[in-house]
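User: I would like to learn how to read nonpolar cores and salt bridges in a model. Please take one feature at a time.

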Amino acid sequence: MTVRSGSPGWYLRRLSRMGPREVGGRVGDTVRRRRWRSAPPDCPGATGARFTAVLPAGTIAAVPPDAAKRLVAEADRLMAGHAEYFGVDRDDLADPDWFHDPKTGRRAPSGYAFDVPYRDEEAVGDIKQIWELSRHQHLTVLAAAYAVTGDERYAERAAGHLRSWWAANAPLRGVHWTSGIELGIRLLSWVWVRRLLDGWPGAADLFEGNPVALNQIWHHQRWLAAFPSRGSSANNHVIAETAGQFAAACAFGWFPSSARWRADALRSLERQLRANTFGSGLNRELASEYHGLVLELGLAAVAEADAADVPVPASVRLVLLRMTDALAAVVDNRLRPPRQGDADDGHGLVVDGAGTDRWGSLLATGDAVFGRLAWWPAVTGTDVRTPLLAALIRPYAKGGTAPAVSRPASRPAHFADAGMTVLRGPEKIWCRCDGGPHGFLSIAAHAHADALSVEVRHDGVDVLADPGTFCYHGQPEWRRYFRSTLGHNTVELDGEDQSVSGGPFLWTRHARSRVLVADASDGGTARWCAEHDGYRPSVHRRRVELTTASQELRVVDEVRGPRRAVRLAFHLGPAVAADLVDSRAALTWSVDGEDRSAVLDLPGQLSWRAHRGESDPPLGWYSAGFGRKEPATTLVGTGFTDGTEDFTTVLGFHG
């Protein structure tokens with residue numbers, strides 16, 4: 001059954017996942033939205049406003065030449081009007097229509113912001129396509145290009161886009177005033193545009209000397225103070241809201257309410273960073289890209305605090321330190337993190353060109369701010385963002401309130417609170433095992449029904465892949481597939497998901513998993529075992545063993561309970577070709593011009609078939625990024641389980 005966001009059934013299911021306090025808060029939000037329908041108040045005066053949160057002298061000179069070259073190439077592409085968002089190439093960015101969706105050709109309606117049905121693609125278009133450009137992260141790229149080159153063309157284009165956007169988006173009018181995460185990230189972008197344009201003669205007249213800019217900045221902060229994400233929605237969105245609010249209140253602290261906004265945002269940021277992060281440092285949404293987004297936002301917020309000399313609770317830096325160590329622990333040998341949960345290509349601060357490694361950049365910043373540990377993987381790439389942030393953020397040991405903290409002496413492999421275990425073998429074999437909670441908070445918005453799934457790479461190549469996310473709104477059959485149990489490397493019973501979906505960002509019943517064994521020692525064999533109860537009264541238990549000497553991964557699935565139909569899926573990465581004969585698949589791929597191969601011996605009790613690029617229903621796809629998908633081979637075994645037999649799969653890598 002498909003339940004669309006905004007339908008009566010969805011509202012009932014959504015309400016069922018809220019507590020009384022959240023319901024009360026949302027009722028207050030509704031009353032406030034109705035009250036705000038009248039003409040918005042005037043922005044208070046900001047006489048004598050000055051921007052002082054500038055980069056220290058010598059910062060731009062520290063940007064590596066190759067990173068600067070990539071940045072300028074990206075800026076030149078933008079100057080020519082070109083950019084790509086979520087698989088759609090745009091050529092209209094010289095003078096963009098801020099409400100146009102290039103994917104569907106639709107244009108979002110105007111009117112009072114809270115009347116815009118932004119979840120309805122038929123009425124509005126693909127909201128992600130419309131919102132993304134208005135995060136103004138292309139403007140931080142242009143401003144950074146000005147900073148490293150001194151070429152005023154970049155500054156003038158960025159200024160022109162800001163003036164255009166401000167003129168087209170009066171406060172509380174239109175789709176760009178409907179979502180707090182968008183306002184928060186946009187404010188952070190404006191702070192950095194102003195900072196990077198500081199040497200340009202027109203910078204002050206564009207911002208602090210411009211009544212239109214002041215009005216926009218004030219109304220963005222007023223909105224964020226009034227409508228925080230709350231309760232079951234207090235995930236990465238609330239981090240973006242508070243980080244953006246805090247950044248603006250520090251750098252643009254020109255208004256009577258600035259001190260209050262700054263203090264409230266910092267309190268919320270501290271509380272929500274802790275709430276959104278396991279003690280181990282992994283993000284509680286168990287979605288790797290959101291781990292990256294939250295870490296970027298947190299680092300950017302601390303940069304603003306240090307630039308403005310605003311004291312930050314020690315717990316904020318401690319959470320960011322743990323997040324950075326956790327990221328260093330889970331990446332593979334190519335610095336790629338797990339492809340777990342939802343991913344929408346969201347970034348907190350963008351000042352780099354294409355080809356810059358996002359995860360390498362975060363680890364480089366972590367090294368500059370916190371110091372790398374001996375077991376961290378090496379980062380060989382360069383980026384623009386690290387020297388900019390490092391120039392503003394006090395090194396952790398000099399943070400003033402930094403407590404003594406124990407950091408891992410060796411690379412962690414098992415994160416008990418998150419239920420994630422990473423097994424590593426010879427020849428750069430990497431295997432993630434999932435025995436963790438079904439997402440975060442009562443709705444688990446960005447979770448997938450992937451309990452006990454495995455993800456296997458060889459030298460950074462996806463062999464047994466997590467297919468990804470692809471889409472959020474507008475294509476319910478694809479949204480359902482990419483987050484389904486069948487869409488992951490695990491067992492499905494009776495054609496049902498392990499957890500029950502109530503909408504594209506809502507799960508009404510969560511499978512509960514527990515890890516029984518997690519031994520990732522450097523001995524001859526690493527072992528993992530876990531089980532979940534999503535198919536009550538049946539229990540699915542999975543054992544995984546990675547043997548060093550034989551370069552062999554063994555997966556044993558047990559289903560205990562009544563007789564049920566079973567499907568076992570293994571999704572291959574798009575670079576992997578498969579020749580399936582009966583229950584044996586010969587796998588081949590290449591990396592860096594070198595041919596590689598493996599053999600996948602599948603359970604003989606099941607009937608096996610290869611699927612690739614099927615659409616009705618979807619099966620055999622891989623999404624490398626939001627809005628993009630490509631055919632990939634999925635091997636599916638079908639049959640029955642009587643509750644007593646085991647299903648054994650062996651993946652053997654060739655030298």
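User: Which residues touch the most other members in the largest nonpolar core?

Analyst: First, the basis. This is a predicted model, in which local features need pLDDT of at least 70 and side-chain atom pairs count only at pLDDT 80 or more, while totals for chains, interfaces and linings use all residues. Residues are numbered from 1 along each chain as its sequence is written, and side-chain values use heavy atoms, with hydrogens and water left out. A nonpolar core is a set of buried Ala, Val, Leu, Ile, Met, Phe, Trp, Tyr and Cys residues joined through side-chain atoms within 4.5 Å. Buried means under 20% relative accessible area, exposed over 50%, and partly exposed in between (1.4 Å probe, protein chains only). Here the largest core has 143 residues, and Val-175, Trp-192 and Phe-252 touch the most other members.

User: What does Val-175 touch, not counting residues up to four places away in sequence?

Analyst: A contact means heavy atoms within 4.5 Å. With those sequence neighbours left out, Val-175 touches Phe-99, Ala-108, Val-116, Tyr-118, Val-124, Ile-127, Ile-130 and Trp-131. Another core, of 39 residues, lies apart from the largest one; Val-463, Leu-553, Trp-589 and Val-591 are among its residues.

User: How many salt bridges does the rule count?

Analyst: The rule asks for a side-chain nitrogen of Lys or Arg within 4 Å of a carboxyl oxygen of Asp or Glu. The count comes to 50 salt bridges.

User: Which parts of the chain does the pair Arg-628 and Glu-84 link?

Analyst: Helices (H or I, at least four residues) and strands (E, at least two) are DSSP runs, numbered from the N terminus. Arg-628 and Glu-84 form a salt bridge with an N to O distance of 3.2 Å. Arg-628 lies in strand S23 (residues 628-631) and Glu-84 in strand S1 (residues 83-85), so the pair links distant parts of the chain, 544 residues apart. Arg-628 is partly exposed at 30% relative accessible area, and Glu-84 is partly exposed at 32%.

User: Is Arg-457, the partner of Glu-455 in a salt bridge, buried or exposed?

Analyst: Arg-457 is buried, with a relative accessible area of 0%, and Glu-455 is buried, also with 0%. The closest N and O atoms of this pair are 2.7 Å apart. Salt bridges that share partners join Asp-332, Arg-336, Arg-432, Glu-455, Arg-457, Asp-462 and Asp-466 into one network.

User: How far apart are the closest N and O atoms of Asp-462 and Arg-336?

Analyst: They are 3.0 Å apart in a salt bridge. Asp-462 counts as buried at 6% relative accessibility, whereas Arg-336 is partly exposed at 23%.
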